[in-house]
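Dear colleague,

I am passing on the structure we spoke about, and would be glad if you looked it over alongside the notes that follow.

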Amino acid sequence: MKVTVTNLLLCTALLATTGSGFPFERKGSAGKEKRVQYAAWDDVNVLAHGLLQLGQGLKEHVDKTKLQVRDITAKLKSFNGTVTDLGKLTLRLQEDNKVLRARTEGLEERESQVLNVSSELREKADELLTEKQRVHERMSQLEEKMNNVLQGEGLQGASGNSTDARTIQWMLEAQNRRIDELVDRIKQQQEKLDKQNIRIRTLQNQIQNNMQSFLKRKGDVIPQNGSIEQHDSPQNMASDCHELFLRGETSTGVYTIKPLQSEPFDVFCEMTADGGWTVIQRRQDGSVDFDQLWQAYQSGFGNLNGEFWLGLEKMHSLSKDGNYILKVQLSDWRDELETIKYPFRLSGEESHYSLHILDNASKNLESALANDPTGLPFSTRDKDNDQKSDINCAKHLSGGWWFSNCGHSNLNGRYFVTPPPKQRHQRKQGVFWKTWRGRYYPLKTTTMMIAPSEIENKS
């Protein structure tokens with residue numbers, strides 16, 4: 001810009017100094033023409049060169065100004081976009097705030113209703129207990145009266161006393177029936193109270209989770225350059241299906257969980273009225289081949305919505321940090337059902353995932369899964385860890401299992417539909433539970449699931 005102004009001043013000075021050099025005619029007093037004077041050629045060249053420099057400087061200034069204007073326009077557009085995004089984010093946060101407030105109010109109202117119902121149920125239970133006490137007092141009086149009547153005053157009043165005794169006996173039987181009904185009603189009310197308490201804890205967890213989610217969304221970060229970036233913290237996943245149940249999940253199906261010090265993975269949750277069970281094995285139609293090697297049994301295989309084996313490592317990560325119950329459900333081809341439960345502990349890979357049954361293994365039905373003081377290691381056809389020294393049970397039968405020897409149980413054997421094979425050596429490779437239907441009876445369905453021991457206190 002300074003060069004342009006200097007060139008302009010230079011050209012003006014040249015015009016001023018050379019103005020007398022342009023051609024003109026001058027007349028004297030006598031009217032005679034004088035000579036014509038012309039500007040020097042060098043002066044003209046200097047003037048032209050100055051004009052060219054002036055034009056070039058103006059052009060460069062215009063181009064530079066255009067670039068600055070374009071840059072300013074782009075920044076204005078970016079700023080306008082940032083302002084628009086901020087406006088949308090503000091509206092979204094306001095809407096989320098309204099929704100959260102409405103949900104919180106609804107949950108608080110439901111919690112208040114549940115607390116009121118629980119209070120009413122407790123009052124009814126107290127009334128029933130009071131009624132039960134009154135009935136016991138009346139029974140005591142009737143028994144005393146009956147004893148007096150039975151003792152009587154001799155043979156003279158024997159017939160009358162006999163009639164009174166029958167009447168009193170009928171009244172006692174009626175009172176006993178009434179007491180039994182009251183006891184049943186008390187049990188029902190107590191069950192309702194327990195379920196309401198679980199529901200209250202679930203509602204409290206829902207309110208807490210909603211508040212945490214809202215606070216996380218409030219913590220979105222807007223960097224200084226105007227762009228919008230949302231930083232989501234890791235999801236607070238449940239450690240098993242029972243924790244999902246306590247958080248309000250009541251539908252049976254596939255969920256993602258994350259046990260302590262483990263990566264997240266999908267499981268099938270069996271939700272009941274008392275809690276959530278994590279299914280670790282299911283056989284139902286023979287669609288999956290369970291005659292697998294150690295690596296497959298360690299990591300898991302199959303379809304969570306059909307037949308599957310969850311995986312020894314996942315089972316260990318689920319149960320290693322607490323007291324757990326193993327529930328085994330069996331059905332035969334007449335659709336008769338049987339359920340067996342064990343408190344258990346499962347060791348890690350260093351002990352070949354040994355199964356420790358902690359109680360009830362002495363009963364006949366439960367004894368099919370033998371209780372070994374040191375634990376029962378898992379075996380497959382390529383890793384023989386059973387207690388048979390001369391035979392690999394997993395290879396001799398089929399599938400991987402906690403074999404003590406080859407004859408008590410194997411829920412991972414070959415799946416046979418009815419009628420089973422006629423050959424005995426083939427039938428013993430099937431899915432069996434010796435102490436229920438025998439070693440050579442192939443079962444129709446099996447399901448194995450685990451849950452924290454506290455679930456037994458609610459069932």
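This is a predicted model: local features need pLDDT of at least 70, side-chain atom pairs count only at pLDDT 80 or more; totals for chains, interfaces and linings use all residues.

Residues are numbered from 1 along each chain as its sequence is written, and side-chain values use heavy atoms, with hydrogens and water left out.

Salt bridges

The structure holds 9 salt bridges, each being a side-chain nitrogen of Lys or Arg within 4 Å of a carboxyl oxygen of Asp or Glu. In one of them Asp-63 meets Lys-59, at 3.3 Å from N to O; because the two are 4 residues apart in helix α2 (residues 41-151), about one helical turn separates them. Helices here (H or I, at least four residues) and strands (E, at least two) are DSSP runs, numbered from the N terminus. Helix α2 also contains Asp-71 and Lys-75, again 4 residues apart and so separated by about one helical turn, and their side chains form a salt bridge of 3.6 Å, N to O. Asp-71 is partly exposed at 41% relative accessibility, while Lys-75, at 55%, counts as exposed.

A salt bridge also links Asp-332 and Arg-437, with their closest N and O atoms 3.0 Å apart. Since Asp-332 lies in the loop between β6 (324-331) and β7 (337-346) and Arg-437 in helix α9 (residues 434-437), the pair ties together parts that are 105 residues apart in sequence. Asp-332 is buried, at 0% relative accessibility, whereas Arg-437 is partly exposed with a relative accessible area of 25%. Through shared partners, salt bridges join Asp-332, Arg-334, Glu-336 and Arg-437 into one network.

Strand β2 (residues 265-271) is mostly covered, with 5 of its 7 residues buried.

Thr-272 counts as partly exposed, at 30% relative accessibility; leaving aside residues up to four places away in sequence, Thr-272 touches Phe-245 and Trp-277, a contact being heavy atoms within 4.5 Å. The C-alpha atoms of Thr-272 and Thr-252, which are 20 residues apart along the chain, are separated by 8.2 Å.

Nonpolar cores

A nonpolar core is a set of buried Ala, Val, Leu, Ile, Met, Phe, Trp, Tyr and Cys residues joined through side-chain atoms within 4.5 Å. The largest has 63 residues, of which Trp-309, Leu-326, Val-328, Trp-402, Leu-411 and Trp-433 touch the most other members. Apart from residues up to four places away in sequence, the contacts of Leu-411 include Gln-281, Arg-283, Val-328 and Trp-433. A second, separate core of 6 residues includes Val-135, Met-139, Leu-182 and Ile-186.

With best regards

Key. Buried means under 20% relative accessible area, exposed over 50%, partly exposed in between (1.4 Å probe, protein chains only).
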